[in-house]
Amino acid sequence: LRRLEKEKAAIEEERRTLSTEDGKKDAARTAVANLRVKMENARAAYIKEGVEKNRDIHAAIDKLSGEKRALTEEIDTIKRKVRDGEAQKERMKNLRTSLMEEYAAAQAEQWDAGKETCPTCGQTLPAEKVQELRAAFNERKAQQKESINRRGQECSKVKIQEMEETIAAQTANLAEKEASHADMAERLQNLQDSLIVQPPFEATDEYT
């Protein structure tokens with residue numbers, strides 16, 4: 001009985017407080033504050049629900065995006081190799097042309113019979129001296145052609161053919177990688193399009 005009397009007194013006191021103007025305002029403010037807390041909790045739960053619905057899709061997007069970035073870097077590397085290969089092939093062709101012209105010039109060089117005459121007295125040099133000069137000329141000519149051939153090994157037809165085959169293989173690989181990249185981009189867009197877009201919380205019946 002004492003407990004009930006105490007509860008009754010507390011209720012009567014609360015009723016008297018609420019019957020005053022200030023009491024009514026305090027009660028309304030408390031009720032509004034509680035409703036605001038409830039609304040923000042509902043908003044957070046609504047947003048979390050939307051995130052959960054898209055969790056697997058976002059995970060797939062992150063994974064595919066990483067693969068696409070790695071493939072982009074690989075494609076850039078292959079493109080650089082193709083450019084470098086093309087430049088190297090062009091240098092090899094130019095060098096080969098230059099060496100062929102140099103070799104033709106060396107091959108066409110003939111012994112100058114005028115060197116068989118003494119430039120001072122105008123008399124014909126002894127046969128031994130002429131033979132010595134001819135031998136030196138032929139030796140120099142042979143060494144020059146050998147030097148050209150040695151340098152030409154780096155730009156031979158075989159070397160140029162190998163470079164062209166390498167470039168062709170890299171170009172084919174590049175086309176394949178770019179096709180895969182385009183496929184990844186399409187799949188990524190499809191995943192983006194499949195994301196569930198929730199209306200704003202303010203548009204829901206719960207908010208209303």
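**Notebook: salt bridges, cores and a pocket**

I began with E40, R43 and E202, which are linked in a network of salt bridges (a side-chain nitrogen of Lys or Arg within 4 Å of a carboxyl oxygen of Asp or Glu). I noted that this is a predicted model, where local features need pLDDT of at least 70, side-chain atom pairs count only at pLDDT 80 or more, and totals for chains, interfaces and linings use all residues. Residues are numbered from 1 along each chain as its sequence is written, and side-chain values use heavy atoms, with hydrogens and water left out.

**Entry: salt bridges**

How many salt bridges does the structure hold? I found 14.

I looked up E7, which forms a salt bridge with R3, the closest N and O atoms being 3.0 Å apart. E7 and R3 are 4 residues apart in helix 1 (residues 2-18), so about one helical turn separates them. I took helices from DSSP runs (H or I, at least four residues), numbered from the N terminus. E7 is partly exposed at 39% relative accessibility, and R3 is exposed at 56%. The cut-offs are under 20% relative accessible area for buried, over 50% for exposed, and partly exposed in between, with a 1.4 Å probe and protein chains only.

I then looked up D26, which forms a salt bridge with R29, the closest N and O atoms being 2.5 Å apart. Why are D26 and R29 separated by about one helical turn? They are 3 residues apart in helix 2. D26 is partly exposed at 41%, while R29 is exposed at 51%.

Next I checked E164 and K93, whose side chains meet in a salt bridge at 3.8 Å, N to O. E164 lies in helix 4 and K93 in helix 2, so this pair ties together parts that are 71 residues apart in sequence. E164 is partly exposed, with a relative accessible area of 30%, and K93 is partly exposed too, at 34%.

**Entry: K89**

Is K89 buried or exposed? K89 is buried, with a relative accessible area of 14%. I placed K89 in helix 2 (residues 21-108). Leaving aside residues up to four places away in sequence, K89 touches I160, M163, E164 and I167, where contact means heavy atoms within 4.5 Å.

**Entry: nonpolar cores**

I looked up the largest nonpolar core, which has 12 residues, among them I57, L71, I167 and L195. Such a core is a set of buried Ala, Val, Leu, Ile, Met, Phe, Trp, Tyr and Cys residues joined through side-chain atoms within 4.5 Å. Helix 2 and helix 4 (157-194) each supply at least two residues of this largest core. Helix 2 gives the most to this core, with 7 residues.

A second, separate core has 6 residues, including M92, L99, A106 and I148.

I also listed the contacts of L71: K177, S180, H181 and M184, not counting residues up to four places away in sequence.

**Entry: largest pocket**

I found about 200 Å³ of space in the largest pocket. V32, L35, R36, K38, M39, A42, E206 and Y207 line the largest pocket. On a 1 Å grid over the protein atoms alone, a pocket is an open set of points where a 1.4 Å probe fits, with protein on both sides within 12 Å along at least five of seven lines; lining residues have an atom within 4 Å of a point. Grid points are joined across faces, edges and corners, and the volume is the space filled by probe spheres set on the points.

I sorted the lining of the largest pocket into 5 nonpolar, no polar and 3 charged residues. Here Ala, Val, Leu, Ile, Met, Phe, Trp, Tyr, Cys and Pro count as nonpolar, Asp, Glu, Lys and Arg as charged, and the others, Gly among them, as polar.
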